[in-house]
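Student: I have a structure open and would like to go through it with you. Could we start with the terms and then move to the details?

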Amino acid sequence: MIRPRLRRVAIHLFAWGLAVGWLFPFVGLTMAAFRPFPEIVGGWWNFDPFTPSFTKFVAAFNAISFGFRNSLLIAVPATIIPMSVATLAGYGFARFSFPIRDYVFLTVVLLMTIPQQMVAIPIFRIMVGLKLEDTLLSLVILHSAWGLPWIVLFMRNFFSALPKEVEEAARVDGASDLKVFFKIVLPMALPALGAVAVLQFMWVWNDFFFSLLLCPATPSCMPATVALYHTIGKFEFDPGLLAAGSILVMLVPVSLYVLLQKFYIRGMIGWTVKG
Amino acid sequence: MIRLRIEGVTRVLRRLRDRARRFFERRGSLRARKAGLRVAFFAPALLLLVLFVGYPVLATIGVSFFDANGHFVGFANYGNVLGSPDTINLNGFPKPPPYGTLINNAIWIAIHLPLSVFLGMWLALVLQEVRGAVWVKTAIFIGMVTPLVIGGIMMLYVFDGAVGIVPRFFDSIGIHALGNGWLQRPTTLLFGLIFGSVWLWTGFSLIVYSAGLTTIPKEYWEAAKIDGASTLRTFTHVTFPLLKPMTIVVVTMSILWELKIFDLVFGATSPNGGVGGAADVLAMQMYREAFVQFDSGAAAAIATFLSLLTLVATLFTIRYMVKR
Amino acid sequence: MADTGSSEGASGRSTEEYRPPSGRWKLLIAIVAVLVVTNFVTGLTAYYLAQSPAATVPLCAGGGGVRSSAAPSTSNGPSSVAAAGASPPVFTFHFEPPYHTTQATITVSPWAGAEFEGFRPVLENFTAKTGIPVTYENLRQEQLTQILPAQFASGQTPGDVIFMVSSFIKANPQHIIKETSNISDSAFIPGSLDPVKVGSDVYGGVYTGKVKPGFWYRKSFFNAHNLTVPTTYADFKALLVTISKIKGIRTPIVSGDSVGWPLSDIVEHFIATYGGASMHRALTNGTKHWTDPDVRAIFTDRLVPLLAGGCFSEPLEWNTVALTNWWHGLHALYFMGSWITGLVDNTTDLGVFSLPPPTGTSTGIVFAGDYFFIPKYTTHLTEAQQLFGYLASKDGQTIQVEQGGHIATALGVPLSDYPAVDRGVAQLMNGVQILSDLDDTIGGQFQTNFWSQLQLLWVSPGQLDAVLASIQSKMPAS
C-alpha cells in the first residue's frame, strides 16, 4: 500500500506536470512568434542562439489590425442583441403557457444542433439580395440569429429554476408582465446573463466559417480570424508572422477567460447542474 | 390627390383601431391585452429565427434537389455524394487513408469521444485532491476558448517536421517513422489532427465533470466506503452512474462537435483536407462543393445529410436537456 | 440503468440502505466495447505507420545522407536567403471605394512585397507616358475568387484592370470586355493567348510570365563536386545517384510545397518532356485521361521510381525550409519557376537545366503567364484600355523583364534586356512550345484535388493508381 503522503506528492506532481505539458503547444507557438524561424528548426527547446524580438508582432499587427476592429464591431452587437431578444423569449417559454409552446421550444432548441453549413448558401444569397454582402451588418445579423437557440435554451432553463413566489407576489400586487420581468426577474438573472454574454462573445469572436462565408476578403468587414488566415498566402508564407498573428488573435478570448473564469464555467455547465 | 388618399387611409385605420380596442375591451380586456403583450416577448426572437435560420434551413433542403444548372434532379445529388469516393472510400480496406469524409467523421467520433470523455472524467476525479487544481483546469481549458482555426494553425507548428514537438519527440526516442512531419503523410495527418482535437477539447468534459462531482453529496461515497467497496467499485457503482447526466451532455456536445468540425481542419490543411484528402470532413466537403466548385445542389445535399446526422445524434438526449 | 437519485442530491437522505444500480453489467460492457474500438483503431494506426514504404533498391539512399531533420550545419544564423519570407506580405487596401475617382484606373493583382516592387516601375512608366494615374490594389487569387462573382453579379468591380487566372477569364466572358483591336496572336509567343480565348475571341490580355524551366542548382556546388548537366535521362539518373553519395546531402532533389502547386509543376514538366507538348495539351483539355497507359507509363517508368527511391525529399514549405536547405547544400536540385531568381542573393551562382528530352519528341515548357482583363463594369474604359495595351506590349513588358524573374510574352523584347540568369532561361525557351499551367487552366475542384493527390503520391508512391483515378475523376466533363 503506497503511503498516503507519497501518493499525494505523486498526484500533485502528475497534475502540475500535466498542466505544464498541456501548454507546450502554446509555448511552441510563442517561440515561433518571438524567435526567427531558423533558430527553432530542430526544436524550440534549443536555446543556443536565442534572439527574441517583437518584429513579427509588429508586422502581424500591421497586417491584421483592421481585423480586430471588425471583430469587435461584430462581436459586441452580436452579443447584446441575441441576449436581449432571447432572454425575453426564454422567460416567455418558462413562464407563459400556451398550447404549442413545447413544440415551438423544441424546434428552437433543435436549431441549435444543425451545422453552420446548413444555412450557408441561402444566407449568402439573402445577404447579396439585401445588398449587405461584405458588410459588418450582415455578420451581426447572422450571428445574432444563430446565437438565439442556445441562449433561449439557457435562459429558459435558468428561469424555470427560479422560484415563482417573488414573481407571483408582484403579480398579485397588480404589476404587469413587463414590469415583473424588468424590475424583478431580470436583476435576479444577472449571473446567468453574464455567463451568456461571455460565451456568446467568445463564440462570435472565434467564429470562422460564417466570417469566411460573408466577408472573405474585404478589409472593411473581415474579422480577425479570417484576416489571420489570409496571411497564409499561396506564394508567401511567413511562419513567424502567422504565429505572432495567431497569438494576437487568441489573446482576446483567452484573457477574457482568465479574467472572467467564473462566468465561463457557469455557462458551460449551465445545461447540466440546473437540469 | 395623394395627400387626400393618405388622410383617408389614416382615418380608416384610426377607426379600425378604435373598433378593435372596444372589441377587445368587451372580451375580458385584461387577459386579451396581456396575451398581446406576451406575444411581444417572443416576437423579435421568432422573427430573427424564422428569417435567418428557419427559412435558410428549408431553402437549403430545397436547393439540394436541384443540380448546378438549376434543373430539378430529385435525390440525384444525395446519390452522387454518398456514392462518391470523396465520401466513402474503403476499397481495399485495410489500407491507409484517405477514407472519405463520412468515414473520417466516424473515426473522429470513435477516437475523440471516448478519449475526451474518459480523460475528462478521470482528470476530474484525480484533481479533486490536488491543491491549486483550478490552475490546472485553466491550463487544460484554454484550448476551448481559442478560435479553432487557430487551433488548426497550431497543429501546423506542433506537427511540423522541422520544429514540431511531436515529431521531434518520436525521433528522439527512436521511432523514426513518426519523426517526419505528421501533416505530410495521410495516416499521421488524420490521427494527428484527431489527437490534436482531443488536446483542445478535453477541457470541456473536465469542467463539466468537475462541476458535476461537486454536486454528488459526500454521503454516497462514505456509504460505499462503509460497505467496504474498493476504489474501482466505488467508481463503477457510485460515481459513474451519478455522473450520468453530465456524461450525456458531454457525449452529445462532443458528437455534435465532431460531426461539424471545420475550422480546425481548414486551418491545419487546406480546402482539400490535406494530403490526398486524408483529413477531409463532411463540413469541408460542403464548403468545397459550394465555394470552389460552385455546385450548390451537391453542397446543399451534403449539408442536409450532415444535419440529419446531427439530428439523429441528439434526438436521444435532447429530451433530457430540455426536461424541466 | 436504474435511477439512483437526482443530481441535485438531497442532503438528508438516509445512508444506510444504499443499493448499487442494477445495470452495472451493461456499463461494463459499454466501457469494454469503447476500449476495444479505440484500441482497434489505434492498432491499425500503428500497423500503417510501421509500413512506411521502404524501397527494395533505394536509388538515392547514397550514404552521404543526414538522418535527422535538424538545422543545417551553418552556424552563421539565418541566411539572407531566408529574407524571402522575412518581409511580411504588405496588404494595401483602401477603406473608401476609390473606384470613382476621375482619371484613375485601378489595377488589382496578387503581388505584394518584393514582387510588387518589381511591378511598380512599370506602372510608373505608364503614368509618365500617358499621364493617367494608376492606383494599385493587392488582392490574392483566393480572395478574388470570392469577391469577383459577388461584385460582378451586382454590377460592380474592384478594379478597372484585374489580373486573374486564365481559367476564371475563360469561364466568365459575360463579365469581360472582348478585345478586338488591342492585341493579336502574332505579337506574342505562340500559344500565349490561348488560355484567355473563348473560341477565337480574345477576352484577356497576357503580361509577362514565369517559366517553369527545370531543376535549379548552384553552380558552385556543381563545380565543387565535378558534376555536369545531364543530356540524357540515363545521365540524369546517374547524376542523382552521384549526388546522393555526397556528404551532407539529404536527398538529391528537394520538393517544395505549400498547398501543392510546386509538386504539380514537377509532374507537368515530366509530362511535357516525356509525353511531349501534345500529351500535356491533351490532358489539359480532357482528350486524354490520366489513367491512359501512356500517361501512366510516364509515372511508372520515370517519376515513381525516383520517388520510391528516395530521390525527392518529402514536401517542405517552399520558400522557407526548402529554399534554405537547398541553398545550404542539404539538397542539390530544386525544381522551381523562374521567379526563384528574385529570391536568392547571388543570382550568378544559379544554374538551371530542363529534363533531357527523348529524341524526336516535341516538348513543351510550362509558361505561367499573368493574365489580366477589363471587366464590363469599369467606369474608366478608355484609360483601362490604354493600360491594357501598354501591359500587353513590349514597352511595358520590357521594363518588367529588366527587374528580373519574368519572361516576356510579347515578341520583340531583346535578349540583352534580360538580366544574365533570366537570359539563360529565355534561351531554354528556344525551339520549345509554350504550354499553359494545367491545373490553373482547369481550376476548380480539380486543382485542389490534383494538388492534394500529388502530395499523397509524394509520400506514398505505391498508391499511384488510386491517385491517378482520383485525379481523373475530378476532370470536368467536357
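Tutor: Let us begin with accessibility: a residue is called buried under 20% relative accessible area, exposed over 50%, and partly exposed in between. Please keep in mind throughout that this is a predicted model.

Student: Okay, so is Asn226(C) buried or exposed?

Tutor: Asn226(C) has 70% relative accessibility and therefore counts as exposed.

Student: Switching to helices, how many residues does H8 of chain C have?

Tutor: Helix H8 of chain C covers residues 261-274 and has 14 residues, and from first C-alpha to last it reaches 20 Å, which is close to the 20 Å expected at 1.5 Å a residue. Just after H8(C), Gly276(C) takes a positive phi of about 90°.

Student: How do the axes of H8(C) and H10(C) cross?

Tutor: The axes of H8(C) and helix H10 of chain C (residues 293-308) come within 11 Å and cross at roughly 140°, which makes H8(C) oblique to H10(C). The crossing of H8(C) and H10(C) is right-handed.

Student: Which residues make that contact?

Tutor: From H8(C) the contact uses Val267(C), Phe270(C), Ile271(C) and Tyr274(C), while H10(C) supplies Ile298(C), Phe299(C), Arg302(C), Leu303(C) and Leu306(C). As a general point, an α-helix has 3.6 residues a turn, so residues three or four places apart point the same way.

Student: What about Val57(B), which residues is it in contact with?

Tutor: Leaving aside neighbours within four places in sequence, Val57(B) is in contact with Leu111(A), Ile114(A), Met118(A) and Val119(A). Val57(B) belongs to helix H2 of chain B (residues 29-63), and at 14% relative accessibility Val57(B) counts as buried. Along the sequence Val57(B) and Ser307(B) are 250 residues apart, whereas in space their C-alpha atoms are 9.6 Å apart.

Student: And where is Asp207(A)?

Tutor: Asp207(A) is in the loop of chain A between helix H11 (190-206) and helix H12 (209-214), and with 6% relative accessibility Asp207(A) counts as buried. Not counting residues up to four places away in sequence, Asp207(A) touches Gln116(A), His143(A) and Thr225(A). Asp207(A) and Phe158(A) are 49 residues apart in sequence, and C-alpha to C-alpha they are 26 Å apart in space.

Student: Last topic, domains. How is chain A divided?

Tutor: Chain A is divided into domain 1 (2-40) and domain 2 (60-272), and the C-alpha centres of domain 1 and domain 2 of chain A lie 33 Å apart. In chain A, 6 residues of domain 1 are in contact with 7 residues of domain 2.

Student: What are the domains of chains B and C?

Tutor: Chain B has domain 1 (21-57) and domain 2 (82-321), with the C-alpha centres of these domains of chain B 42 Å apart. For chain C, the assignment gives domain 1 (82-209 + 369-418) and domain 2 (212-366 + 439-473). The C-alpha centres of domain 1 and domain 2 of chain C are separated by 29 Å, and the contact takes 7 residues from domain 1 of chain C and 10 residues from domain 2 of chain C.

Note on methods
Residues numbered from 1 in each chain as written. Chains lettered and ligands numbered in written order. Predicted model: local features only at pLDDT ≥ 70, side-chain atom pairs only at ≥ 80, totals over all residues. Heavy atoms only, no water. Domains from an automatic or database assignment. Helix = DSSP H or I, 4+ residues; strand = E, 2+ residues; numbered from the N terminus. Expected span 1.5 Å × (residues − 1). Axes fitted to C-alpha atoms, helices over the stretch in contact; angles between N-to-C directions. Parallel < 35°, antiparallel > 145°, perpendicular 65-115°, else oblique. Left-handed = near helix turned anticlockwise from the far one by under 90°. Contact = heavy atoms within 4.5 Å. Buried < 20%, exposed > 50% of the residue type's maximum accessible area, 1.4 Å probe, protein only.
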